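Morning, everyone. I have one structure to show you today. Please take a look at it before I start.

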Amino acid sequence: MPQMSEEALGNLNESLNQLKINTQTICVKMDQIYDSIEKLEKTVETISTAVSSQEKRLTVLEQGVPKNLIEDLALVKNAQQTYNKLLWIIAGGVAAALMQSFFKIIQ
């Protein structure tokens, strides 16, 4: 019976040592995670400051640009988008016509 107690005590001691090692590993990982979160928070704060600064610059620029010029730029952007869509439609039509000619040649 004393031999079983020594064996059980040895197993318990080994388990406690393993638990201690696992706990230390977890603490190290938690510290790494905490550091990463701090870095992430600083980065988000930096990005937020930069975005805020850019918004202020845009506001100042918009105030300095005549309103009719802003409207003209919006119209130009809209026209450009329309031209892009029209070019895609034309390119699609040309591709379809080429495919149709190809299939006629094959037959």
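What percentage of the 107 residues in the chain is buried? The answer is 0%. Keep in mind that this is a predicted model.

Let's start with the overall fold. The chain has 2 helices and 0 strands. Along the principal axes they are about 95 × 65 × 10 Å.

Now the helices. Helix α1 covers residues 2-64. Helix α2 covers residues 67-106.

Next, the end of helix α1. Gly64 belongs to that helix. Is Gly64 buried or exposed? Gly64 has a relative accessible area of 63%. The cut-off for exposed is over 50%, so Gly64 counts as exposed. Take one distance from there. Gly64 and Thr82 are 18 residues apart along the chain, and 28 Å separates their C-alpha atoms.

On to the surface. The accessible surface of the chain comes to about 10,300 Å². Carbon and sulfur atoms account for 65% of that.

Which residues form a nonpolar patch on the surface? They are Tyr83, Leu86, Leu87, Ile90, Val94 and Leu98. Together they have about 630 Å² of accessible area. Pick out Leu86, which lies in helix α2. Its relative accessibility is 46%.

Now charge. How many positive and negative side chains does the chain have? There are 10 positive and 12 negative ones. The centres of the two sets lie 16 Å apart.

Some of the negative residues make a surface patch. Its members are Asp31, Asp35, Glu38, Glu41 and Glu45. Asp35 sits in helix α1. With a relative accessible area of 40%, Asp35 is partly exposed.

Let me recap. We have 2 helices and 0 strands. Buried residues make up 0% of the chain. The surface carries a nonpolar patch that includes Leu86, and a negative patch that includes Asp35. That's it from me.

Terms used. Residues numbered from 1 in each chain as written. Predicted model: local features only at pLDDT ≥ 70, side-chain atom pairs only at ≥ 80, totals over all residues. Heavy atoms only, no water. Helix = DSSP H or I, 4+ residues; strand = E, 2+ residues; numbered from the N terminus. Buried < 20%, exposed > 50% of the residue type's maximum accessible area, 1.4 Å probe, protein only. Areas by Shrake-Rupley, 256 points an atom, 1.4 Å probe, with all protein chains shown as cover. Lys, Arg positive; Asp, Glu negative; His and termini not counted. Charge placed at Lys NZ, Arg CZ, Asp CG, Glu CD. Patch = residues over 30% accessible without salt bridge, like charges linked within 9 Å, V, L, I, M, F, W, Y side chains within 5 Å. Salt bridge = Lys/Arg side-chain N within 4 Å of Asp/Glu carboxyl O.
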